[in-house]
Amino acid sequence: IRCWSNIPFITVPLSRAHGKSFAHRSELKHAKRIVVKLGSAVVTRGDECGLALGRLASIVEQVSMLQNQGREMMIVTSGAVAFGKQRLRHEILLSQSVRQALHSGQSQLKDMAIPVLEARACAAAGQSGLMALYEAMFTQYSICAAQILVTNLDFHDEQKRRNLNGTLHELLRMNIVPIINTNDAVVPPPEPNSDLQGVNVISVKDNDSLAARLAVEMKTDLLIVLSDVEGLFDSPPGSDDAKLIDIFYPGDQQSVTFGTKSRVGMGGMEAKVKAALWALQGGTSVVIANGTHPKISGHVITDIVEGKKVGTFFSEVKPAGPTVEQQAEMARAGGRTLAALQPEQRAEIIYRLADLLTDQREEILLANKKDLEEAENKGRLALPLLKRLSLSTSKLNSLAIGLRQIAASSQDSVGRVIRRTRIAKDLDLEQVTVPIGVLLVIFESRPDCLPQVSALAIASGNGLLLKGGKEAAHSNQILHRLTQEALSLHGVRDAVQLVNTREEVEDLCRLDKLIDLIIPRGSSQLVRNIQKAAKGIPVMGHSEGICHVYVDTDASVEKVTRIIRDSKCEYPAACNALETLLIHRDLLRTPLFDQIIDMLRVEQVKIHAGPKFASYLTFSPSEVKSLRTEYGDLECCIEVVDSVQEAVEHIHKYGSSHTDVIITENEKTAEFFLQHVDSACVFWNASTRFSDGYRFGLGAEVGISTSRIHARGPVGIEGLLTTKWLLRGNNHVVSDFSEHGSMKYLHESLPLPQRNAN
């Protein structure tokens, strides 16, 4: 016997073995049989008279899409009363004086007295029209629909229950969508205290309980309850502190305050929760979501089935750790405490982390070995990604050196005064550096990214959420544990959080009230997906690293092959590796050109010919498919240009504004290139691989940004800071500075305080 509050009932549905609901949202994509319950607020218009046709059409389209994927869809719908009310109002208006109706103004027509319409009569008048509408809409997708009307009494009769069950199974077998509704034209009032009489079912008092009852009877995998609110909140929606509950567990209802019911319909949120919990106990997963929001109603059902974080998901499995929302709040609180520490204390944390990387290297490398073995056994990673995944003693030593650089350079980062202005007498304004807030860094295959980014976040006083790839799970876990151990030195352990739940990246990108900046570290596809998914959160990064090296006619023979080899072959998977080699036309068929080709062949670099380069050759390498290609491997494109101006134009047309290089001994040509190429990093006679925070002396980087706002190029501590204004006055008011006021603006620049010499 189960209980809702103090109301016991027995969960032994007829001929149904106890099923097991899905434990996680990500499993919902496996749902085969689905019930979609459409609340009155979803189906009806705002005036409660007539149907929301556009919304209904969108829902039918989504249901049809899922049905055509091979799923078995059922709809429990409201709307008959509202549709009937519209028809009866129309009939009443027509039955009044025809002459008055024809000759009266529209305003008078609206003011005609309409009697209160009885709900059962409205339902009787609306059922046929509602079903005809559903049939017409489903026909557009070559799907047949069938109507089933039920009452509570139908569930008390054993034979009727069997008949209903058999009918629904036969309809589903024939690929027909059953549309179920309570027969409101004849429905009697609920049986008094029927839930207390030892009945083995939930009483059908509204469409919420009907949907739950049918879902369990039919052994449904998923019940989607659509209403006019986003889901279940921890307090009434609209109140200041109301927060949407992502996952609701049995037993949590005591901590929830229920508000009023929706503007139309029989059941409020409390009824929905009770019905959802009953269905969950019967083995059916449940999601309560908003079916009226214009921005999401067009894909709310398919999003739920795809496992996206929409509405409130009911689960019997409670995770051991905090939710990602709780982690973000912990990171914000920890970040504020971190920012309040003295600069020396933040530096001590980073120094401690650097020491731990070398002291615990054996444990780190052992965890990394597990990741590498699993990746190789599953064969899911390409060779460049395997290289990124791999850690070594030398990598850990380099990481430790970089972290110590960050610690040494972070003494004067947070709270630095960058501008002082005397607005008026005794009214001084300061602009000071402050942390951005909470950073979300999403990275693939590179566990070394975790301590680098953590150190930069610590130095800049930011809270940090880390989402690493599952291929580096073992490495990330130990590196995060060491990071938290270092943070514990000054009681700010929670400032850096590693997301270990099954959160989809797209769901994380929707946490605009909890995350202030997203920094993706990974493939161009990952970055593009995040830029597309981010809703209201800035994204710092670059989607591609299409880096060019231009070899000018005045290039040094000694420098050319060294710089090209280093740019392409030192680490071809890096985003700052050479991808397109531009060669001046006059260098073709010269010894220098032959040396370049021979070197690339020795290094086993596959060459793709650009269109102009191919036209000069009798037998050319494979012609490039696109000049905008980031190979990320021992491959590159060679193209010919006629001048430095054409090289610049090519870079602007096909490049990604990341890093571009000129090799020449002509200073005038080099300066033209440096000034005219509009990329984050532009070099003269140096490898593209210098585009790196560590090599720039930043200690490390959170990434390389090609955007033009806030930070560009390798982003170190400075790129993770913003500013705030501090105004110190003495009883100042704006009216004193009016035309007839007693004070005048001075706007004098004041000297800045001396920076820390260390």
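Which residues are exposed on the other side of H13? They are Glu-362, Leu-366, Glu-376 and Asn-377, where exposed stands for over 50% relative accessible area and buried for under 20%, with partly exposed in between, using a 1.4 Å probe and protein chains only.

The model is predicted, so local features need pLDDT of at least 70 and side-chain atom pairs count only at pLDDT 80 or more, while totals for chains, interfaces and linings use all residues. Residues are numbered from 1 along each chain as its sequence is written, and side-chain values use heavy atoms, with hydrogens and water left out.

**Helix H13**

Helix H13 comprises residues 361-378; helices (H or I, at least four residues) and strands (E, at least two) are DSSP runs, numbered from the N terminus. Its 18 residues reach 26 Å from the first C-alpha to the last, close to the 26 Å expected at 1.5 Å a residue, an expectation that takes 1.5 Å times one less than the number of residues. Buried in H13 are Ile-364, Ala-367, Asn-368, Asp-371, Leu-372 and Ala-375.

Just after H13, Gly-379 takes a positive phi of about 60°.

**The nonpolar core**

The largest nonpolar core has 51 residues, and Ile-364 is one of those that touch the most other members, as are Leu-338 and Leu-464. Such a core is a set of buried Ala, Val, Leu, Ile, Met, Phe, Trp, Tyr and Cys residues joined through side-chain atoms within 4.5 Å. Helix H16 (residues 449-460) gives the largest share of this core, eight residues.

**The sheet**

An open sheet of six strands has the order S19-S20-S18-S17-S21-S22, with parallel pairing; two strands pair if DSSP finds at least two bridges between them. Strands S19 (606-609) and S22 (681-684) stand at the edges with a single partner strand each, so one side of each is left without a neighbour in the sheet. Within the sheet, four bridges join S17 (residues 547-551) to S21 (residues 659-663), and His-548 stands opposite Asp-660 in S21.
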